[in-house]
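I opened this model to look up a few things about helix packing and charge pairs. My notes follow, in the order I made them.

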Amino acid sequence: MVEKSTFTLPGLTKKKSDEIIKILQVRLSSYNDLHLTLKHAHWNVVGAHFIGVHEMIDPQVELVRGYADAVAERIAAMGASPGGRVSDIERDRTWDDYAIERDTVGAHLGALDKVYDGVISSNRKAIEELDDLDLVTQDLIIGQTGELEKFQWFVRAHLESFAGELKDAGTATEKDAAAKTRKV
């Protein structure tokens, strides 16, 4: 459970602050999981186009780590204790753990496309929830979501045909996407 102080940010009620903190804690866990997933893919990608994808992922890792830090600091500014441990990620997780190990560029990119689908969709839900709670926090998540959408575009550029179709189209899970895109 997130430990709380007796204060929050000026202009926010304690009730609203508590709701915002809950939303942000799930975003923090999501970002911590995402940067670990991205680093895992960075270490385990093999095959044609390895170096381009290997080097594309590291800047994403660093920016997502920064998003986690910004969210954690927002939680702390609101008087709560941000949860950044593995147990916090596991508690907040509503998604499956990344299942792809050493595999091809295509497999990892297909799986990462699905990871980004999940993170971006949950960010958009948080943005909607924050609309009536706190526009400053909402703005933070909006900016981060825009960058995540750009990262997903980088991933999808490798999966896209000249006709604009994604090689992982019609898949619902990372494993299915990896299987379908393994030979990209």
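Is R182 buried, exposed or partly exposed? I get 33% relative accessibility for R182, so I log R182 as partly exposed. My cut-offs are under 20% relative accessible area for buried, over 50% for exposed and partly exposed in between, with a 1.4 Å probe and protein chains only.

**Ground rules**

I am working on a predicted model, where local features need pLDDT of at least 70 and side-chain atom pairs count only at pLDDT 80 or more, while totals for chains, interfaces and linings use all residues. I number residues from 1 along each chain as its sequence is written, and my side-chain values use heavy atoms, with hydrogens and water left out.

**Entry: the R182 pair**

I looked up the partner of R182 and found a salt bridge with D103, the closest N and O atoms being 2.7 Å apart. R182 sits in the segment after α6 (174-181) and D103 in strand β2 (residues 103-104), so this pair ties together parts that are 79 residues apart in sequence. I take helices (H or I, at least four residues) and strands (E, at least two) as DSSP runs, numbered from the N terminus. D103 comes out at 13% relative accessibility, so D103 counts as buried.

**Entry: other salt bridges**

I call a salt bridge when a side-chain nitrogen of Lys or Arg is within 4 Å of a carboxyl oxygen of Asp or Glu. Side chains of opposite charge can pair when their charged atoms come close. By my rule the count is 17 salt bridges.

I checked R85 and found a salt bridge to D88, with the closest N and O atoms 3.0 Å apart. R85 is exposed at 54% relative accessibility, whereas D88 is buried at 2%.

Next I looked at D92, which pairs with R91, again with the closest N and O atoms 3.0 Å apart. D92 is buried at 11% relative accessibility, and R91 is partly exposed at 42%.

I also noted a network of salt bridges that links D113, K114, D117, R156 and D168.

**Entry: α2 against α5**

How do the axes of α2 and α5 cross? I find that the axes of helix α2 (residues 50-77) and helix α5 (residues 135-159) come within 11 Å and cross at roughly 170 degrees. That makes α2 roughly antiparallel to α5. My axes are lines fitted to C-alpha atoms, for helices over the stretch in contact, and the angles run from 0 to 180 degrees between N-to-C directions. I call angles under 35 degrees roughly parallel, over 145 roughly antiparallel, 65 to 115 roughly perpendicular and the rest oblique.

The crossing of α2 past α5 is left-handed, meaning the near helix is turned anticlockwise from the far one by less than a right angle (clockwise would be right-handed). On the α2 side, the contact includes V53, M56, Q60, L63 and Y67. On the α5 side, L140, I141, Q144, F151 and H158 are among the residues that make the contact. I use contact for heavy atoms within 4.5 Å.

By class, I get 14 nonpolar, four polar and two charged residues in this contact of α2 with α5. For the classes I count Ala, Val, Leu, Ile, Met, Phe, Trp, Tyr, Cys and Pro as nonpolar, Asp, Glu, Lys and Arg as charged, and the others, Gly among them, as polar.

**Entry: α2 against α4**

The axes of α2 and helix α4 (residues 105-130) come within 11 Å and cross at roughly 25 degrees. That makes α2 roughly parallel to α4. I log this crossing of α2 past α4 as left-handed.

F50, V53, M56, I57 and Q60 of α2 make the contact with V105, L109, L112 and Y116 of α4. By class I get eight nonpolar, one polar and no charged residues for α2 with α4.

**Entry: α2 against α1**

Helix α1 (residues 14-44) packs with α2 at about 160 degrees, and the axes are 8 Å apart. That makes α1 roughly antiparallel to α2. The α1 and α2 crossing is left-handed. For the contact of α1 with α2 I note 15 nonpolar, six polar and five charged residues.

**Entry: H49**

Where is H49 found? I place H49 in the loop between β1 (45-46) and α2. Most residues other than glycine have a negative phi. The phi of H49 is near 70 degrees, a positive value in a residue other than glycine. H49 counts as exposed, at 59% relative accessibility.
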